[in-house]
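Let's take a friendly walk through a protein structure together.

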Amino acid sequence: MSSRSLWRSLQTQTRRRLAVPETPYRCFSCTRQAQAQPPKPTADEERFTHFGFQNVPESQKESMVKTVFSSVASSYDVMNDMMSLGIHRLWKDHFVRSLNPGSALPSRDHDTAGRGWNILDIAGGTGDIAFRMLDHATNINHDAATRVTIADINPDMLAEGKKRSIQTPYYNTNRLAFLEGNAQSMPSIPSNSVDLYTVVFGIRNFTDKQAALNEAFRVLKPGGVFACMEFSKVDNALFNAVYKQWSFSAIPLIGQLVAGDRESYQYLVESIEQFPSQEEFRGMIQKAGFLIPGRGFENLTGGIAAIHKGIKPLN
Amino acid sequence: MIRPTSLLTLTRRGLSHASSPRAALPLAPRTHLRQPKPQSQIHTTTTTTPRQNNLTVTSRTTPSRPNRLSPTTRTYHSDHHPTQPHDYTNSQTTILSAALHHVPTHGFSRNALTLGARDAGFLDVSVQLLPRGEFDLILFWLASRRGLLRSKVESDGLFSAGPVLSVDDKIQILLMERLRMNAEVKDQWQDALAVMSLGENIPLSLSELHALADDILNLAGDKSVDASWYSKRMAVAAVYAASDFVMTRDTSAGLRETEEFVARRWADARAVGDKLTGVRECLGFMGSTAVGLGRSWGLKI
């Protein structure tokens, strides 16, 4: 008797599970599921791209990313500190130190390049990296000619960076400039004009990463360097389990408590999960035409983040 | 002391051999050693246009194994499959060989690399091409000098003229030849030795030292295939490493003191080797005597 009832309950359960409507994505929170509108039926030729675990038309991703970062702009630093336990500052310091921006040696007579580097910091709205690079060039290499252009697609992040730049010695000098633009196409920046192109924790939000890499290749001088720091894949399985637990359970919760915005941080961890692995991304950099120095990437904290570099070859 | 012109010629000649230390070998076995062909092209065809690179690159993103980043490791030694501890692309070689001209003045430093990059038409930032920084410059120096030593014997006929020399004499001559090459950068060499002795750099430094000892013994015509293969390489490596330190402090004309030091150390090494052989023979004789004695007493041995 009891076995039959058990069998029936199993049957009904399976049937019930089948009856559950298919969700367009899997995620831990269902808040967004309720809020998000189902993607509108679009023409066949419309291409889709990732937005976290969600598939959205390419044309929409840009505005969706914009919304996310507009909402996190003000609490950006507090949140970064809480999510990474402050480690992101070490990563950024290491990134800048390994690039060693600024020419320590005076320019010689027959050197074609002038003193100082022209650095383009993409998706660097809040100026985290830009100020570090300018500090390094000035204090370590005694180079007061190196200049940084901060480019960001999001005016709110740029406004945050401008606000912070007031407290730096570079405010209102020709060493620091702000530019609002899309990294996939930057017609205002001439070809072969940039020494160093950096993009730190930004490229995973781009709609078309390959297009951005191609654009980086265009604006860089021959011999110029593309350097990118981005969340990546953890190589240790045990550590990975801990890390995944942290990022999928704790980070959206911290986002909700501190910034009052669970959605944006849910997107953050999902977009990290969607970003290609170290090897795949290295392949994309090579595909854009860059030379890869050595292994091509450097893992930080067991692969949570990775620094990728590429050098534009001479003709 | 500093002879820029000689540095220049040495570098140019050394390079062709540094990139292919066993250039004299037929090509056929080398192709086995390399993994799939298109992969190795990425690293060598850097002077071609980037578009051409694309083709090879896309084809190699699919296999899960990256190219030389994980080279096949051999558990045995083979003359036909020389292991290369590190390879450089064309751009890296250009920067490094230009940087060597600045070593006598700037040492094995990032500044030398930066100036080398500028000379080669690169930007200051292009030294990012060398992830190990100044240690890459040191490794390049070691590898190119090693190639130069090989070319001195194989192309210039170091031993072809003059009387027939024994293997031991040849080893001493090669050791001195190699040490004289370092004399050009004598004032900077202690710094380089310090960099090489940093923990993270020790494995590559040691593998380079082994490669040098291996080359010296091969060039001297040593054909041993027994346990002395190891002991000889260790002896040569030890004598070279010790003499390298002596050389940096040697102010005598023509490195006479270093030469005497090498001769003394090599004599010591031989003496130790002879003693060991004697002891082994003695023990072997005593052992066989004991066995014979036991058998004569009726033991079932």
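A residue counts as buried if 20 or more other C-beta atoms lie within 10 Å of its own. Keep in mind that what you see is a predicted model. With that cut-off, buried residues make up 40% of the 315 residues in chain A. Chain A contains eleven helices and nine strands. Take the contacts in chain A between residues at least 6 apart in sequence: 73% of these join residues at least 24 apart.

Next, look for the nonpolar cores. The largest one has 95 residues, and those with the most contacts inside it include A:L196, A:Y197, B:I95 and B:A99. Leaving aside neighbours within four places in sequence, B:A99 is in contact with B:A112, B:L113, B:L115, B:G116 and B:L137. Apart from this core lies another, of 21 residues, with B:L149, B:L174, B:L217 and B:V236 among them.

B:L174 leads us to helix α9 of chain B, where this residue is one of the buried ones. The helix runs over residues 167-183 and reaches 25 Å from its first C-alpha to its last, close to the expected 24 Å. What covers its buried residues includes α8, α10, α11, α12 and α13 of chain B.

How do α9(B) and α13(B) pack? Their angle is about 140°, with the axes 10 Å apart, which makes α9(B) oblique to α13(B). On the α9(B) side, the contact is made by residues including B:I171, B:L175 and B:L179, and on the α13(B) side by residues including B:V262, B:A263 and B:W266. The crossing of α9(B) past α13(B) is right-handed.

Notes
Residues numbered from 1 in each chain as written. Chains lettered and ligands numbered in written order. Predicted model: local features only at pLDDT ≥ 70, side-chain atom pairs only at ≥ 80, totals over all residues. Helix = DSSP H or I, 4+ residues; strand = E, 2+ residues; numbered from the N terminus. Expected span 1.5 Å × (residues − 1). Buried ≥ 20, exposed ≤ 12 C-beta atoms within 10 Å, placed from the backbone. Contact = placed C-beta atoms within 7 Å. Core = buried A, V, L, I, M, F, W, Y, C linked by C-beta atoms within 7 Å. Axes fitted to C-alpha atoms, helices over the stretch in contact; angles between N-to-C directions. Parallel < 35°, antiparallel > 145°, perpendicular 65-115°, else oblique. Left-handed = near helix turned anticlockwise from the far one by under 90°.
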